[in-house]
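Here are my notes on the model you asked me to look over.

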Amino acid sequence: MKKQNLLALLLLLSFMPFSEAFSQKTPLEIPLYGGKIPNDVPGPDEETASNEGGRLRYSKIRKPTLSVYLPPKEKATGTAVLICPGGGYSIVAAGHEGHDVAKKFNEQGIAAFVLKYRLPDTKTSSRPDIAPLQDAQQAMLIIRERAKEWQVNPEKVGIMGFSAGGHLASTAGTHFQESYVPNATQTNLRPNFMLLLYPVISSDKTFAHQGSFDKLLGKDATADKLIEFSNEKKVTAQTPPTFLVHASDDKAVPVKNSIVFYEALLQHEVPAELHIYQNGGHGFGLNNATTSDAWFERALNWMKTNKF
């Protein structure tokens, strides 16, 4: 670096608050399980990472992790969001549906946690159908148990999911009555709120994202098993308040997935808000390039309205 440029950078940093200058450091990535991974099938670690089009993706995940993004202490609001990236239960799109979103939350003083969850695979788990849910519950347990350390209010811990990650998030929000991981402390596994972006919700074959259900439950899944994970059918009055975003022209995961979930929430008088954009397709992450409207701002407004 030229001497003039170095001096200019140092001068700029001298006028920035210390926390702002150094808040965007590499997040802490921790193993999700300190000991044995539930239902683990021994075998080689074949996890791969790619960066296609600048978008980070993981596949063949055997050892799930949690990436911890904490805002500067003086900005911390106490709110936290567990983020489940999408990928059709075939990959984890950890970049534009994970780390990018976590950084955005940090700007608002919100702690964010990106979940790199196990994908359903008989090579890695004897119960591939519940492996992602186990990882989401374990992450929720860790966040609440370490809440004081991370300046998090355990009553303001939400879950967010994109696409198949939205199915995982909504499963965590509708199947929390049973703990699928060891929970000696009886820590509450119910998210306080949900943010669902173009989520996979329903197994109804007329509008389901069949690929996600095939990966999660197998192509020969029974009707009962499909209903068990068709989350609009699992909504109750205890389901967390939910904010949903979808695009009308989504050809991968039809918008009806969000609509039926929203209708189920209304039926059970659960606070809910649904934003449907005319265009945007699927997988747009933070930026729906077809509109000047920013769904992330709408989500923040909804969180404030509901005192999250």
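1. A word on the basis of the notes. This is a predicted model, in which local features need pLDDT of at least 70 and side-chain atom pairs count only at pLDDT 80 or more, while totals for chains, interfaces and linings use all residues. Residues are numbered from 1 along each chain as its sequence is written, and side-chain values use heavy atoms, with hydrogens and water left out.

2. Helix α4 covers residues 131-145. Helices (H or I, at least four residues) and strands (E, at least two) are DSSP runs, numbered from the N terminus. The end C-alpha atoms of α4 are 21 Å apart, which agrees with the 21 Å that its 15 residues should span at 1.5 Å a residue; the expected span is 1.5 Å times one less than the number of residues. Of the 15 residues in α4, 14 are buried, where buried means under 20% relative accessible area, exposed over 50% and partly exposed in between (1.4 Å probe, protein chains only).

3. How does α4 pack against α5? The angle between α4 and α5 (residues 164-174) is about 65 degrees, and their axes are 10 Å apart. Axes here are lines fitted to C-alpha atoms, for helices over the stretch in contact, and angles run from 0 to 180 degrees between N-to-C directions. The two helices are therefore roughly perpendicular, on a scale where angles under 35 degrees count as roughly parallel, over 145 as roughly antiparallel, 65 to 115 as roughly perpendicular and the rest as oblique. The crossing of α4 past α5 is right-handed, meaning that the near helix is turned clockwise from the far one by less than a right angle.

4. Which residues make that contact? From α4 come Pro 132, Leu 133 and Ala 136, and these meet Leu 168, Thr 171 and Ala 172 of α5; contact means heavy atoms within 4.5 Å. The residues of this contact divide into 5 nonpolar, 1 polar and no charged. For that count, Ala, Val, Leu, Ile, Met, Phe, Trp, Tyr, Cys and Pro are nonpolar, Asp, Glu, Lys and Arg are charged, and the others, Gly among them, are polar.

5. Pro 85 deserves a look. It sits in the loop between β5 (80-84) and α3 (95-107) and is buried, with a relative accessible area of 0%. Leaving aside residues up to four places away in sequence, Pro 85 touches a set including Val 92, Glu 97, Tyr 117, Phe 162 and Gly 165. Gly 165 is 80 residues away along the chain, yet the C-alpha atoms of Pro 85 and Gly 165 are separated by 5.0 Å.

6. Two non-glycine residues have a positive phi: Gln 186, at about 55 degrees, and Tyr 198, at about 35 degrees. Are they buried or exposed? Gln 186, in the loop between α5 and β8 (194-197), is exposed at 67% relative accessible area. Tyr 198, in the loop between β8 and α6 (210-217), is buried at 0%.

7. Last, Gly 281 belongs to the loop between β10 (272-277) and α9 (295-305) and counts as buried at 15% relative accessibility. Beyond residues up to four places away in sequence, Gly 281 touches Ala 247, Asp 249 and Asp 250. Its C-alpha atom is 5.3 Å from that of Asp 249, 32 residues apart in sequence.
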